[in-house]
Amino acid sequence: MIKKMSRILANMKIRYKLSLLVVGTTLLILLVNVFMYYNLNRITKQMDEIYVSNVTLSELEDSLDTVQSSMAQYLNTKSTDSLNDYYLAEQQFESMLSEMDYSITDNQQKLMERNIYYMSEKYLEMVSDTIDAKRGRNVEKYKDTFEQSGKLYSYIKSYIDSLNGYSFRSNTESYSAMSTSVEYLEMISTLMFAVLAAFNIMLVILVTKNITKPLHELSIAANKVSAGELENTPEVKVHGKDEVGVVTVAFNQMVSSIPGYLTRLRDSMEKEQQLKEKEILMEAHLKDAQLKYLQAQINPHFLFNTLNAGSQLAMMEHADRTYDYVQNVAAFFRYNMTKNDEVTLAQEIELVDIYIYILNVRFAGDIHFTKEIEDDGLLEVMLPGMILQPIVENAVNYGIRDIEREGHITLSVYRVDDNVCISIQDNGIGMSQELIEKVLSGEYTGLSEKEKNEEKYEEKSGNKNKGNGIGLNNVIERLRLYFDGKNNVDIISSGKDQGTEVIITLPYKE
């Protein structure tokens with residue numbers, strides 16, 4: 001049984017073990033105390049009931065004496081006070097008689113009670129007749145009933161005394177039996193407390209041993225590990241599934257993984273030494289990269305300043321169309337240099353207008369662009385910079401540039417529930433569903449081999465015009481980062497030569 005309890009305790013959590021120790025012993029002590037209290041209370045009540053009958057008979061006899069004496073007092077004095085005393089004594093005696101058991105039975109004690117009851121009833125009738133005869137001055141009847149009631153009074157008293165003695169003897173026997181029961185109860189209680197104490201001691205030893213033994217073994221192994229004796233540290237035995245068992249399993253895994261960790265650490269140190277040897281070369285490359293980065297920063301500003309100078313020159317020469325064109329190109333580059341973080345939808349659409357204007361100057365108005373804005377209040381929604389222009393540029397370069405029919409691009413802004421939807425739709429060559437899925441998932445890596453060769457040719461000939469380097473992948477990724485990983489872009493195309501629609505969904509706040 002002890003082994004079975006040890007196995008059960010080994011798989012319990014420590015807090016459950018301690019709770020079992022405290023709650024279990026407390027409940028056992030409570031049960032023993034309840035048992036003792038119940039039995040002692042029961043025996044006490046029985047002892048109280050033993051002599052109730054003797055007390056009742058004594059009170060009945062006293063009440064009988066009061067009736068007799070109050071009647072005699074009235075017969076001698078014939079006063080109103082003595083008559084009232086008689087009536088009060090008579091009522092009290094009748095009340096006590098009504099509480100007696102006068103049912104038919106074979107029990108001797110009950111038979112005596114029944115006789116006392118009927119004799120008392122007869123006695124009260126005689127006393128009442130005596131009082132009435134005295135008040136009516138019927139001397140002959142008065143004497144006769146007085147003598148008969150006196151005789152009956154004596155009989156009742158003798159019966160009460162006999163019944164009282166019989167009850168006392170019977171109650172004494174019951175008291176002796178109760179005393180014996182109390183002694184047995186004391187013995188049983190002492191035995192239960194002894195058993196309870198032994199069980200509590202066993203439970204405390206079992207629980208504490210179940211908790212401390214695994215901890216002792218774990219502390220010995222931990223001391224060996226801290227002293228660097230990994231080879232002499234055996235695997236600690238897992239005694240159960242409690243918290244100590246979980247820690248023991250983790251400790252064993254840690255000890256077994258330390259040699260591999262040391263090996264990886266040595267390899268890492270060797271690689272670090274090799275990296276230090278290359279550090280001098282890397283410093284030289286870093287300086288070269290910093291110089292190139294500075295040049296990359298200077299070029300856009302130089303181009304922007306040059307365009308401003310050109311627009312001033314065109315204005316001085318009264319070349320208005322050239323002035324507008326150069327101003328728009330300068331505004332386009334200014335936006336690229338400054339609006340890289342958070343902008344309004346209105347600013348993004350303004351950049352698209354500038355871009356379309358530049359393209360139409362280059363291509364003699366071949367780009368047909370329309371805008372459909374449901375509500376100007378929607379243009380205040382915020383989004384990352386450089387989102388719409390790359391999509392429009394993609395629609396121009398890969399959608400409508402090489403088609404034989406007239407190319408159209410439509411930009412629509414409308415509201416759906418709590419969202420603002422931005423649609424950029426073209427009537428170009430369309431996209432396959434496979435390509436759409438690759439673009440949306442970020443798996444699209446670039447152009448085909450044929451398109452790459454054509455692009456290389458255009459670069460060599462100085463006619464590269466396929467875009468600004470910011471593709472749909474970049475737009476989708478920046479939108480996801482800006483809106484906490486939510487997918488805000490959807491691409492719709494019915495197939496070849498059916499055009500393409502890119503829809504961007506943004507949360508709208510008033």
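1. A salt bridge is a side-chain nitrogen of Lys or Arg within 4 Å of a carboxyl oxygen of Asp or Glu. With that in hand, look at lysine 157 and aspartate 65, whose side chains meet in a salt bridge at 3.3 Å, N to O. The two come from distant parts of the chain: lysine 157 sits in helix 6 (residues 139-226) and aspartate 65 in helix 3 (residues 52-77), 92 residues apart. Please keep in mind as you read that this is a predicted model.

2. Are the two partners buried or exposed? Lysine 157 counts as buried because its relative accessible area is 19%, and the cut-off for buried is under 20%. Aspartate 65, at 24% relative accessibility, counts as partly exposed.

3. How many salt bridges does the whole structure hold? A search finds five. One of them joins aspartate 353 to lysine 371, at 2.8 Å from N to O. Aspartate 353 lies in helix 10 (residues 345-362) and lysine 371 in strand 2, so this pair ties together parts that are 18 residues apart in sequence. Aspartate 353 is partly exposed at 29% relative accessibility, and lysine 371 is partly exposed with a relative accessible area of 41%.

4. Another salt bridge links glutamate 434 and lysine 438, with their closest N and O atoms 3.8 Å apart. Because these residues are four apart in helix 12 (residues 433-441), about one helical turn separates them. Glutamate 434 counts as exposed at 53% relative accessibility, while lysine 438 is partly exposed at 33%. Elsewhere, salt bridges with shared partners join Glu61, Asp65 and Lys157 into one network, so you meet the pair from point 1 again here.

5. Now for the sheet. Strands of a sheet pair through backbone hydrogen bonds, either parallel or antiparallel. Here you can trace an open sheet of five strands in the order 2-4-5-7-6, with mixed pairing. Which strands are at the edges? They are strand 2 (368-373) and strand 6, each of which pairs on one side only. Neighbouring strands of this sheet are turned against each other by 15° on average, direction ignored.

6. Follow strand 5 (residues 419-426) next. Over eight bridges, strand 5 pairs with strand 4 (residues 408-416) in the antiparallel sense. Threonine 410 has glutamine 425 in strand 5 as its bridge partner, and valine 416 stands opposite asparagine 419. Strand 5 also pairs with strand 7, again antiparallel and over eight bridges; there, valine 420 stands opposite leucine 506. Strand 5 is mostly covered, with six of its eight residues buried.

7. The hairpin of strand 4 and strand 5 has two residues between the strands, and aspartate 417 in this hairpin takes a positive phi near 55°. Methionine 386 has a positive phi of about 60° although it is not a glycine. Methionine 386 belongs to the loop between strand 3 (382-384) and helix 11, and counts as buried at 3% relative accessibility. Aspartate 497, also not a glycine, has a positive phi near 60°. Aspartate 497 is in the loop between strand 6 and strand 7 and is partly exposed, with a relative accessible area of 40%.

8. Where do its side chains point? Four bridges join strand 6 to strand 7 (residues 500-507), and the two run antiparallel. Within this pairing, valine 489 stands opposite isoleucine 504 in strand 7.

9. In helix 11 (residues 388-400) you will find asparagine 397, which is buried with a relative accessible area of 3%. The side chains of asparagine 397 and arginine 401 are joined by a polar contact of 2.9 Å. In helix 2 (residues 14-50), look for leucine 27, which is partly exposed at a relative accessible area of 46%.

How values were computed. Residues numbered from 1 in each chain as written. Predicted model: local features only at pLDDT ≥ 70, side-chain atom pairs only at ≥ 80, totals over all residues. Heavy atoms only, no water. Buried < 20%, exposed > 50% of the residue type's maximum accessible area, 1.4 Å probe, protein only. Pairing = 2+ DSSP bridges. Polar contact = N/O pair within 3.5 Å; in protein donor to acceptor, adjacent residues only side chain to side chain. Axes fitted to C-alpha atoms, helices over the stretch in contact; angles between N-to-C directions.
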